[in-house]
Structures are given as structure tokens and as C-alpha cells.
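Work through the exercises below with the sequence and the 3D structure open beside you. Try each task before reading its solution.

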Amino acid sequence: METKKAEADEIFGNVLLEVLSYNPDSRVDFLKKAYEFSKKAHKGQKRLSGEDFIIHPLEVLGALAAWKLDDTTLVSGLLHDTVEDSEAKISDIEEKFGAEVARIVSGVTKITDIRLVGKSEDLYAENLRKMILAMAEDLRVVFVKLADRLHNMKTLNALPKDKRIANARETLDIYAPLSERLGLGFVKGKLEDLAFPFVYPEEYKKVVEISKDYYKKANLIIKKMEKRILQSLAKEKIRAKVNGREKHLYSLWRKLERPDTDWDFGKIYDIVALRILVEGISDCYVALGVVHDIYKPNSKIGVSDFIAQPKPNGYRSIHTKVFVGERVVEVQIRTFKMHSEAEFGAAAHWMYSDKKAKNATPQELEKGAFKVKKQLRWISELAGWQSQMRDSKEFLEAVRFDAFKERIFIFSPKGDVYNLPLGATPVDFAYSVHTDLGNFIKLAKVNGKVVSLDTKLSSGDVCEIVKQKNSKKPNKYWLDFVVTTTARREILKADRDE
Ligand code: MN
């Protein structure tokens, strides 16, 4: 028993050191108090894995610290299970740790488990509704929830088989897409890879088997490229970090399964990608020149400049695909700052990396929260719908429809970016630009060519809606192919108003 206690203390001590490394002004006493509170609340409790329960909130704390989050979130992570699983009351927490922590902890508790399977769809819808509301109120609720899910997925083997599969499926359906939409790219990859073998055991084995050789060869190529590129960059006096990154297994499988790939590895260019991190934006373009000087770019697939035109989730980077012998390899170029934003997404806004945040008062940090809220328009959209939709079926459909689908991004002729679900058409695009633009559609052009209105758009398409003079009732047959809730609602509304 003694050794186990010491183990928990040791984990806590290590996380504390990590926190102090990114936030020297961290309120250590505040964190210690929360740790003691959590330890006391979970005393004698075990997880199904046989571990002392306290290890779980500590692992959650560790993830939140790795994402460089603020003290309030860290404390909420330590306390996140105390209300649900022990005697502690939310009023205790508010009294000891303040209203903000209490709000986040109760947000996390309220969400409880979002069940896709099991009891009833109403219950599921209700949970999802709560999660979206909590998210709209304070994103940190979701960060704690994601850290919680991450550790639960790591210890999934301790659960009975049917629960294992249900939880893993839910992770794929809800939590992974959610983390992607929050811009937490690496969390999404981790969650998916943890869930993959439980939900699709056969396919998992197959992908591991088939890709082993490919990864091995690709990694050799990457090593050589790293060396050559670093040398050339040094000649240009550019300080850079160059490394390879492997595509996550689950997303590799998804891509292999796509009809246009059909298990042809030659058609996937980013199985192994080379990443170049530099200091400034102009260095990115110099690095691009250096890369193209050594390796011929594949002009067919081309260069994507997400620095000039960031993706809707804020992602910035230059991607180019170059020939290395017979093979095409993706090279990603970005600044260190863009890299940390890409890895931490919305969480990056809570980081203490900039000086201002370090000296911020709690009130100013609250304002920071407001900024994050404004940036993530889709969350407020979801929260808006949920209040309009009394019926849980309708709500569920809307959310499944929109929020948790794979996304594509479409450009307006002016270069504005719109984030739409996979399968979106020019009609969806029109309604997302403006709620009544859909009623003025005369015709639609994609990449300069007139297309039919049910054309499925692809990421990167430029979509233009040519307007007619007067607004017209939308065609209700559009309902057969639109995929966004906004379009659907507007079309139904016009039909009803008739
Ligand atoms: Mn938990």
C-alpha cells in the first residue's frame, strides 16, 4: 500500500515540474490542494484495472499539462470524478476552489457518458445536448473530457468485452471527430488508434501486416531526405528542425478503403511525411524553394498554401508533394508557432506561452475564453440549434449530420474559406455563406465551370453562386441531396411557410 501511495505522489510531482516549465507562475499550492482533495475523496477506491483510483485523475492531469493548459483546467482535471464517484459535493468544490473550477467540474459531471448504444436515444441526445451547451459555455470542459477519455481508452482492456467495443465505437463516432474539430489533431490520431483494434479487429490486423514493410522503406527514404534538406537549409542560414511523421494507422486504413484509393499504397502520399519547422513565415517560403530545388514537385497534385489561406480550423502550413525517385512524398513546412497551434488547436489559446497571458488577471483570462468562443462558430451554431429543436430525434439528426462528419473546406471566389461536411453541394455552400443566398441561386460554378446543384464538392474547390435578381422559393427536391442542417432547415422552413 505504501508503495502505491508513493507512486501517486511521484506522478504528481513530475507533472508539477512539467507545469512549472511552461508556466513558472503556476499556483502550486492550488494544485497541491486539489491533489490532496482528490486523493482523500477517492481513498480506498479502485479502478477495474485494479489500480488505485487516484492514478486516473493524475493521468488526466498529465494530459492537460502536456497540452499546456492553465491552472483552472488542471485543478478541474484532478477533481473531475470527485462529485460523481465520491462523497464530495459541488458546493464543497466551489467553496474550496472557486466558481470557475466548480462550473467546469459540474460541466464534466453532467455530460457523464454519452452513450451511442444502450439505454435510449433520448438519453443519448440529452447527453449530447448537455455536452454542446457545456462546450459553448467553456471549452475547458471539453479539454477535461477529452483527457478523461484518452486515459479511459488506454485502460480499456480492463472492461468487459461489450463495454470495450461500445466505448471504442463512441470514441470513433464522437470524441475523435470532436477533437479534430477543436484542432487537437494529435489527440484525434491517438484516440482513433486506441479504438481501432477494438472496433475493427480484423481490419486492424490487416493494416498492420500490410503496412509494416512500406513504413520501413519509407522511413529510410525520409532519413536521407532529412539530411539533405538540413544541409541545404543551413547554406541558406535557416535554422530548422526536420523530422518525419508517420500517418496514424486508423486514418491510413480509412484512406485505403476509399474507392479512389482501393488499397493502392502508391496513391497515398502522406503515409510518411517530412515536416520542416522554421522560425519565421518568410523562412517557410525559402524552405519551399530549397525543397523544390532538390526534389521535383509533383505538379499534378501541387502545392497547398495553408499559410496564405488557412483551413477553417485555423491550421496553417505549406504542403507540397515531391518526387523522391519513383515515390511521391509529402513535405509539410510551417513555423514552430504554427506547429504548436496545429498540435494543440483550441487549447493553444489557453497556453501560457505568450507574455500577456502569463500576467493576465483571472478576468482577462475570462476574456480569452470569450475569444475562443467566437473563433469556434460551429459550437455556437450547435448550441443555437439545440434550443430551437425540441424533438431529440431532430436534434440528434442535426448533430450527426453536421458536427461529427468528416469535413471539407471550400473557397468562395474571394478566397474566404467555408468548412462543410463531406458530401456538401453548392446548395449547402450557398446556405452556409448566407442563410438566404440559397434562395437566390441561379446557377453554381465550381472552379469556374457551371455544375449541377447536386454536385458533391471536394476540399479546395472554389464555389461560386451566381445570383438571380429576385429571391425564389427553394426547390424542396434539394432535400434529397443537401447534407448541412442549415440548408435543410431553410428549405423546410420555406416549404412550411407556403
Ligand atoms: Mn474520469
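Predicted model: local features only at pLDDT ≥ 70, side-chain atom pairs only at ≥ 80, totals over all residues.

**Exercise 1. The whole chain**

Task: State how many helices and strands the protein has, and what share of its residues is buried.

Solution: Begin with the elements: the protein contains 21 helices and 10 strands. Next, take burial: of the 498 residues, 49% are buried. Finally, consider contacts with a separation of 6 or more: 67% of them join residues 24 or more positions apart.

**Exercise 2. The manganese site**

Task: Find the protein donors of the manganese ion and decide whether His-56 and His-80 are buried or exposed.

Solution: First list the donors, which are His-56 (NE2), His-80 (NE2), Asp-81 (OD) and Asp-148 (OD), at 2.2 to 2.3 Å from the ion. Along the chain, their spacing reads H-x23-H-D-x66-D. Now place the two histidines: His-56 belongs to helix 3 (residues 55-66), while His-80 sits in the loop between helix 4 (71-79) and helix 5 (82-85), so the pair ties together parts that are 24 residues apart in sequence. For burial, the cut-off is under 20% relative accessible area. His-56 has 1% relative accessibility and therefore counts as buried. His-80, also at 1%, is buried as well.

**Exercise 3. Two packed helices**

Task: Describe how helix 11 and helix 12 pack, and which residues meet.

Solution: Two packed helices are described by the angle between their axes and the distance between the axes. For helix 11 (residues 185-199) and helix 12 (residues 201-235), the angle is about 120 degrees and the axes are 5 Å apart. The two helices are therefore oblique to each other. In the contact, Phe-196, Pro-197, Phe-198 and Val-199 of helix 11 meet Pro-201, Glu-203, Tyr-204 and Val-207 of helix 12. Sorted by type, the residues of this contact are 7 nonpolar, no polar and 1 charged.

**Exercise 4. Burial and backbone**

Task: Say which residues of helix 20 are buried, then locate Lys-237 and Asp-262.

Solution: In helix 20, the buried residues are Pro-426, Val-427, Asp-428, Phe-429, Ala-430 and Tyr-431. That is 6 of the 8 residues of helix 20 (residues 426-433), so this helix is largely enclosed by the rest of the structure.

Lys-237 is in the loop between helix 12 and strand 1 (240-246). Although not a glycine, Lys-237 has a positive phi of about 60 degrees. Its relative accessible area is 77%, so Lys-237 is exposed.

Asp-262 is in the loop between helix 13 (249-257) and strand 2 (272-278). Its phi is positive, about 50 degrees, although Asp-262 is not a glycine. With a relative accessible area of 55%, Asp-262 is exposed.

Conventions. Residues numbered from 1 in each chain as written. Heavy atoms only, no water. Axes fitted to C-alpha atoms, helices over the stretch in contact; angles between N-to-C directions. Helix = DSSP H or I, 4+ residues; strand = E, 2+ residues; numbered from the N terminus. Parallel < 35°, antiparallel > 145°, perpendicular 65-115°, else oblique. Contact = heavy atoms within 4.5 Å. Nonpolar A, V, L, I, M, F, W, Y, C, P; charged D, E, K, R; others polar. Donors = N, O, S within 2.8 Å, 3.2 Å for Na, K, Ca; no water. Buried < 20%, exposed > 50% of the residue type's maximum accessible area, 1.4 Å probe, protein only.
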